[in-house]
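Here are some notes for a colleague who is opening this structure for the first time. They are meant to be read beside the sequence and the 3D view.

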Amino acid sequence: MSLRPDLKAIADMIRPGSRVLDVGCGDGALLEHLVRTKNVDGRGIEISQANVNACVARGLAVVQGDADSDLVDYPAQVFDAVILSQTIQATEKPRAVLNHLLRIGRRTAVSLPNFGYWKVRLALLSGGRMPRTSGLDYSWSETPNIHLCTLADFVDLTRECGASIVEAHSLNPGGTTTRINPARLTDSYMGPNLFAQGAIFLLKKN
Amino acid sequence: MSEAPRFLRPVKTAANVGMAVTFDTPLPLDCGRTLAPFTVAYMTYGTLNASKSNAVLICHALTGDQFVASDHPITGKPGWWNTMVGPGKPIDTDRFFVICSNVIGGCMGSTGPAETDPATGQPFGLNFPLVTIRDMVRAQKRLVDHLGIEKLLAVVGGSMGGMQVLQWAASYPDCVRAVVPIACAARHSAQNIAFHEVGRQAIMADPDWRGGEYQLQGTRPSKGLAVARMAAHITYVSEMALQNKFGRNLQNRDAKSFQFTPDFQIESYLHHQGASFVDRFDANSYLYITRAMDYFDLAEEHGGMLSEVFRVNAARFCIVSFSSDWLFPPFENKRIAHALNAVAAQVSFVEIRSDKGHDAFLLDEPEMFATVRGFLNHAASDLI
């Protein structure tokens, strides 16, 4: 089974044999991949009952819960890596969630959509209505994505949370990923913050 | 030689309790006393494989018994977990060898207060030692050993059964592969102890209880036991379920009677619950088993640190809770999951949406069936 490109990029960041917590692990595709191919000791948190059942049937250890309320119960530094894939924009308190992730894991992998992507900007500029993209195809009144940001915004948040970016990859139109220099996200008007649909960051607490 | 004295049996258990094994080696109890000899009555379903690796132990709740998947010998009703256990069911008796035993202190053939005390030749009554959840599990371990099973594929149970499941994982971590506690807690809450005390006081206030010696004196504290069951039954269902099912509907009448006979359907329903219960349950057993639940606090010996209970535990856990269960609410179940997470145990947790309250675990809950089926299938995937 082939993984989604963003999940593949995250999987490549995980060291074999490490302990991993996947927050918002969905149906467990990434976690199962990590367990099978990298002998990872994996755990998950997932909000949907149906997804938790799918994970349990795959033999994964997954707790039904919510990133906003449950991370507080996890002890510090017990995981080698914590993953938050395409979830931070749907949390109520992204800053608190990111702080917890940095506390729980020695490394934190975060993937997120980029609201600074040029098609999004153009849609708002030309249409005058909240943009709907293939990746974020919800009306503003129905969307679960309540805290959207640009990649530059996210880099600012990582600094405010006392984290440094170990590596970053852009998610490109067409589903490929490219390693990028995080400095270019905030230093330059052009670059990934305009051209990437999303990005994956590997963070560590300073 | 005179004939042995015959005492009134509180329930008609003598007829058919399934299988039973009596152990002569004393069972040490948490209260400091021992029980010897003692009998464990049990039922099995399915076939034990050659490597004895497909055994699933099911632990019953407060008023349950060993008839998990076969007709009850007294009531004639189908097994209490027929929806969960059987051929092709989530706990599949075509694949697994299912064992379910009556707890000690119970009244369906295992040694309990209604049985004869060999020291006196009379029913134990209140001379029966107070047993704990751990004592119940100790007795089950003897049975499992007796059946030649070194390691159980899984231990599964709801409510008090879930407490036993947790105790199994704590006491015998090397003897269980997979652990499924459902709708339970690692300790009995103040509210739950309070409800139990109401039930016990109802039994003991019945003049026919006779200080626990009702068997000797030829009476039965049926009224007290029925009231205990009525009060307890309210805790097994959610407010919404009661409202939806009964509302303020009147029972067999068009108007309120302005008397104290049951006007409302809910009253008559509770009366029925109480009346049918006393036919199959012993009042002293009810005292003993509720007490065992009250005493349950898995973390007590570890200064309240629940995670310490499960340190070095290789078993896989799957904890199931129900959203409308206010007797063992989801947060109590989740507490166990967090404690297991803190020591890096393999734990899954689900909170199933249901408006049926605590009793949901006994009812038709497809999501629960899917969870248990998927979990056990995977746990059994490497069976020979």
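1. Burial in chain B. The model is a predicted one. Of the 384 residues in chain B, 51% are buried. Chain B contains eleven helices and 14 strands.

2. Overall dimensions of chain B. Along the principal axes, the C-alpha atoms of chain B fill a box of roughly 60 × 60 × 45 Å. The radius of gyration of chain B is 21 Å, and this agrees with a compact globule, because 384 residues packed that way would give a value near 21 Å. Among the contacts in chain B with a separation of 6 or more, 72% are between residues 24 or more positions apart.

3. A helix pair inside chain B. Helix α3 (residues 190-205) and helix α8 (residues 283-295) of chain B pack with their axes 10 Å apart, at an angle of about 160 degrees. An angle over 145 degrees counts as roughly antiparallel, and α3(B) and α8(B) are therefore described that way. The crossing of α3(B) past α8(B) is left-handed.

4. Residues in that pair. On the α3(B) side, the contact is made by B:Ile193, B:His196, B:Gly199, B:Arg200 and B:Ile203. On the α8(B) side, the residues are B:Ala283, B:Tyr286, B:Leu287, B:Thr290, B:Met293 and B:Asp294. Sorted by class, the contact of α3(B) with α8(B) has six nonpolar, three polar and two charged residues.

5. Where the chains meet. How many residues of chain A are in contact with chain B? There are 16 of them, and they are in contact with 21 residues of chain B. Two elements of chain A, α3 (49-57) and β3 (62-64), each supply at least two residues of the side that touches chain B. Of the elements of chain A, α3(A) gives the most to this side, with five residues. By class, the side of chain A that touches chain B has nine nonpolar, four polar and three charged residues.

6. The axes of α3(A) and helix α11 (residues 366-379) of chain B cross at roughly 20 degrees and come within 7 Å. That angle makes α3(A) roughly parallel to α11(B), since the cut-off for this label is under 35 degrees. The crossing of α3(A) past α11(B) is left-handed.

7. Residues in the pair across the chains. From α3(A), the residues A:Gln49, A:Asn53, A:Val56 and A:Ala57 take part. They meet B:Glu367, B:Ala370, B:Thr371, B:Gly374, B:Phe375, B:Asn377 and B:His378 in α11(B). The contact of α3(A) with α11(B) has four nonpolar, six polar and one charged residues by class.

8. A loop residue in chain B. B:Gly79 is in the loop between β5 (55-59) and β6 (85-86) of chain B. Is B:Gly79 buried or exposed? B:Gly79 is buried, because 21 other C-beta atoms lie within 10 Å and the cut-off is 20 or more. Leaving out residues up to four places away in sequence, B:Gly79 touches B:Phe67, B:Val68, B:Ala69, B:Ser70, B:Asp71 and B:Val85. B:Ala69 is ten residues from B:Gly79 in sequence, with 4.1 Å between their C-alpha atoms.

9. A loop residue in chain A. A:Arg15 lies between α1 (5-13) and β1 (19-23) of chain A, in the loop. A:Arg15 is exposed, because 11 other C-beta atoms lie within 10 Å and the cut-off is 12 or fewer. The C-alpha atoms of A:Arg15 and A:Ala81 are separated by 8.7 Å, although these residues are 66 residues apart along the chain.

Definitions and conventions:
Residues are numbered from 1 along each chain as its sequence is written. Chains are lettered from A and ligands numbered from 1 in the order in which they are written. This is a predicted model: local features need pLDDT of at least 70, side-chain atom pairs count only at pLDDT 80 or more; totals for chains, interfaces and linings use all residues. Helices (H or I, at least four residues) and strands (E, at least two) are DSSP runs, numbered from the N terminus. The radius of gyration is taken over C-alpha atoms; the globule rule is 2.2 Å times the number of residues to the power 0.38. Two residues are in contact if their C-beta atoms, placed from the backbone, lie within 7 Å. Ala, Val, Leu, Ile, Met, Phe, Trp, Tyr, Cys and Pro count as nonpolar, Asp, Glu, Lys and Arg as charged, and the others, Gly among them, as polar. Axes are lines fitted to C-alpha atoms, for helices over the stretch in contact, and angles run from 0 to 180 degrees between N-to-C directions. Angles under 35 degrees count as roughly parallel, over 145 as roughly antiparallel, 65 to 115 as roughly perpendicular and the rest as oblique. A crossing is left-handed if the near helix is turned anticlockwise from the far one by less than a right angle, and right-handed if clockwise.
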